[in-house]
Amino acid sequence: MVTHENLLGGPPPTHLPDDPGPREALASGADPAEVAAAHPSSSLAWAQLADDAFEAGRPVESYAYARTGYHRGLDALRRSGWKGHGPVPWEHEPNRGFLRALHALARAAGAIGESEEHERCSTFLKDSSPTAADTLS
């Protein structure tokens, strides 16, 4: 009998449930604000809004969007059994919205001088998914 015990002693990876609607809408070129309004729990939509605002030179707006996406992602992670730590693999596509929002929050926090939050979120990203930290940096 196989038990799939985690031999490293840490929590198992958290895999968020797939929600293809927002991802498909954004991929088809839909306005991220419309996607966020239609799917307010989508971290991916908020992360895209944060990226767009940051690229346009609006770091405070980016921070607000990223923080919303981050908190929506935390809610989803907790509903999926996450206990506040452990892997959130980038390789599982539904996790990418949360990870992108976390990266965007770290970036925007750094841009507005919130150095403690920048460090906390950067460390959280690396601890959750080294692949995401490398990919998004």
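Mentor: Let's start with burial: a residue is called buried under 20% relative accessible area, exposed over 50%, and partly exposed in between (1.4 Å probe, protein chains only). In this structure, E117 is buried, because its relative accessible area is 8%. A word on the source: this is a predicted model, where local features need pLDDT of at least 70, side-chain atom pairs count only at pLDDT 80 or more, and totals for chains, interfaces and linings use all residues. Residues are numbered from 1 along each chain as its sequence is written, and side-chain values use heavy atoms, with hydrogens and water left out.

Trainee: Thanks! Which residue forms a salt bridge with E117?

Mentor: First the idea: a salt bridge is a side-chain nitrogen of Lys or Arg within 4 Å of a carboxyl oxygen of Asp or Glu. Here the partner of E117 is R67, with the closest N and O atoms 2.0 Å apart. This pair links distant parts of the chain, 50 residues apart: R67 sits in helix α4 (residues 59-79) and E117 in helix α6 (residues 115-128). Helices are DSSP runs (H or I, at least four residues), numbered from the N terminus. R67 counts as partly exposed, because its relative accessibility is 26%.

Trainee: How many salt bridges does the structure hold?

Mentor: There are seven. Another one joins the side chains of R58 and E61 at 2.7 Å, N to O. A further bridge, between D18 and R23, has an N to O distance of 2.8 Å. D18 has a relative accessible area of 47%, so D18 is partly exposed; R23, at 23%, is partly exposed too.

Trainee: Now a helix residue. Where does L136 lie, and is L136 buried or partly exposed?

Mentor: L136 lies in helix α7 (residues 130-136). Its relative accessible area is 21%, so L136 is partly exposed.

Trainee: And which residues is L136 in contact with, beyond its neighbours in sequence?

Mentor: Contact means heavy atoms within 4.5 Å. Leaving aside neighbours within four places in sequence, L136 is in contact with W90, L99, R100 and H103. Take R100, which is found in helix α5 (residues 96-111). R100 is buried, because its relative accessible area is 18%. Leaving aside neighbours within four places in sequence, the contacts of R100 include L44, D51 and W90, as well as L136.

Trainee: How far apart are L136 and R58 in sequence and in space?

Mentor: They are 78 residues apart in sequence and 19 Å apart in space, C-alpha to C-alpha. R58 is partly exposed, because its relative accessible area is 37%.

Methods:
Helix = DSSP H or I, 4+ residues; strand = E, 2+ residues; numbered from the N terminus.
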